[in-house]
Amino acid sequence: MNTKAQGFSTTAIHAGQDADPATGATVVPIYATSTYTQAAPGQHKGYEYSRTGNPTRAALETCLAALEGGARCLAFASGLAATNAVLAQLRPGDEIAAAADLYGGTFRILEKVFRPWGLVAHYTDDPSPDGFRRILTPTTKMVWIETPTNPLLQIADIAALADLAHNAGAILAVDNTFASPYLQQPIKLGADLVVHSTTKYLGGHSDVVGGAVIGRDDLMQAIQFYQNAAGAVPGPFDSWLVLRGIKTLAVRMDRHCANARQLADWLAKHPAIARVHYPGLPTHSGHALAKKQMRDFGGMISISIKGGKEAALKFLTHTKLFSLAESLGGVESLVGHPATMTHASIPAEIRQARGIDDGLVRLSVGIEDVEDLRRDLELALES
Ligand SMILES: Cc1ncc(COP(=O)(O)O)c(C=O)c1O
């Protein structure tokens, strides 16, 4: 199927999802099989063993590669398994340049798994090209960014950082989890690899954990070898859930963005709020850049509540529609406290130096009716 000329939703619903060749099933079946019967040794229909390949997973991989504009995609058992597969392409003695504001689990794998293995990570608080230039060394092999970042919603210039990385002989990997391919396609802006926690917007319903890597064919060959050799693959049911979620990504994201924009405008004027981090606000330092490289500004908002930790914890336990929970990107609204939840794996002094203060609260704005969400936040703030 030629997906090049198609719109985003058409690709989301059709890429990799032709009718099942065996039965005509219109929806890709859940191929719950670990193995495949061969006519003679080595004579098979493209599948031998489901760690190596599974048709449901293959449909998801084809679809995601098309949505991100990459040559290939490989699906993993979680976002961190995908991150692990990318980092494992580096070698002991290599260095990686990363933005300081990043998902706590990514920081943890860099510091607690890969540093002892010999990979050295340098972090910049300034996600501009100049900030990254200052931490590049002759042995930097990869630049790693999220944009928008988790949890401060900073914006990094993907095209400029791709140039910077390439001129330094490195590659650029972008964790595109917060934006999803509907809002931003890093490969089209020059990135070499895109990483996803498909647990979030791609799955979209908080009912599955998964990950994916998308990129250039030459880079993906080594990652495919690693996927099979290390084996952190998603099962067919999980692959199917993510594929089903992807079909409605565009309509969900439009609503996430519209709801978040309205709530961010309202929160910015609220007397109990010290600061709102949302790239859609004209006052946000990354607003112009986000406008340039994103279709819309996303569904994530972080707020600093006046009164610090005590006020934040009170607020968190008084929302009714916003569930106090880890994760993000589902249809239901979630609220979290980065300092004690998603970013607890970052030591307190580093966390605070990076602006993740104890009064910071992260909102994953769902697709409920926005007036109900506003009222829920208002009642919790009054508490
Ligand atoms: C930006 C980002 N990247 C990666 C991950 C890790 O994904 P997973 O929890 O699916 O392993 C997360 C999880 O919260 C995340 O927010």
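This is a predicted model: local features need pLDDT of at least 70, side-chain atom pairs count only at pLDDT 80 or more; totals for chains, interfaces and linings use all residues.
Residues are numbered from 1 along each chain as its sequence is written. The protein has 14 helices and 12 strands. These are DSSP runs, numbered from the N terminus: helices are H or I with at least four residues, strands are E with at least two.

**Overall form**
- The radius of gyration, taken over C-alpha atoms, is 21 Å. That agrees with the value near 21 Å for a compact globule of 383 residues, by the rule of 2.2 Å times the number of residues to the power 0.38.
- The C-alpha trace spans about 70 × 50 × 35 Å along its principal axes.
- Of the 383 residues, 51% count as buried. Buried means that 20 or more other C-beta atoms, placed from the backbone, lie within 10 Å of the residue's own.
- Of the contacts between residues at least 6 apart in sequence, 73% join residues at least 24 apart. A contact needs C-beta atoms, placed from the backbone, within 7 Å.

**The sheet**
- Seven strands form an open sheet with mixed pairing, in the order S1-S7-S6-S5-S4-S2-S3. Two strands pair if DSSP finds at least two bridges between them.
- S1 (72-76) and S3 (120-124) are the edge strands; each has a single partner, so one side of each lacks a neighbour in the sheet.
- Neighbouring strands are turned by 20° against each other on average, direction ignored. Axes are lines fitted to C-alpha atoms, for helices over the stretch in contact, and angles run from 0 to 180 degrees between N-to-C directions.
- S4 (residues 140-146) and S5 (residues 171-175) run parallel, joined by five bridges. Met-142 has Ile-171 of S5 as its bridge partner.

**Strand S6 and its neighbours**
- Five of the five residues of S6 are buried, so the strand is largely enclosed by the rest of the structure.
- Leu-193, Val-195 and Ser-197 point one way from S6, while Val-194 and His-196 point the other way.
- S5 and S6 pair in the parallel sense over three bridges. Asp-175 is partnered by Val-195 in S6.
- S6 and S7 pair in the antiparallel sense over five bridges. Val-194 stands opposite Ile-214 in S7.
- Helix H8 (residues 217-230) lies across S1, S6 (193-197) and S7 (211-215), at about 25° to S1.

**The ligand site**
- The ligand is surrounded by 14 residues, each with its C-beta atom, placed from the backbone, within 6 Å.
- The closest are Ser-78, Gly-79, Leu-80, Ser-197 and Thr-199.
- The shell holds four nonpolar, eight polar and two charged residues. Nonpolar covers Ala, Val, Leu, Ile, Met, Phe, Trp, Tyr, Cys and Pro; charged covers Asp, Glu, Lys and Arg; the others, Gly among them, are polar.

Definitions and conventions. A residue is buried if 20 or more other C-beta atoms lie within 10 Å of its own, exposed if 12 or fewer, and partly exposed in between; C-beta atoms are placed from the backbone. Two residues are in contact if their C-beta atoms, placed from the backbone, lie within 7 Å.
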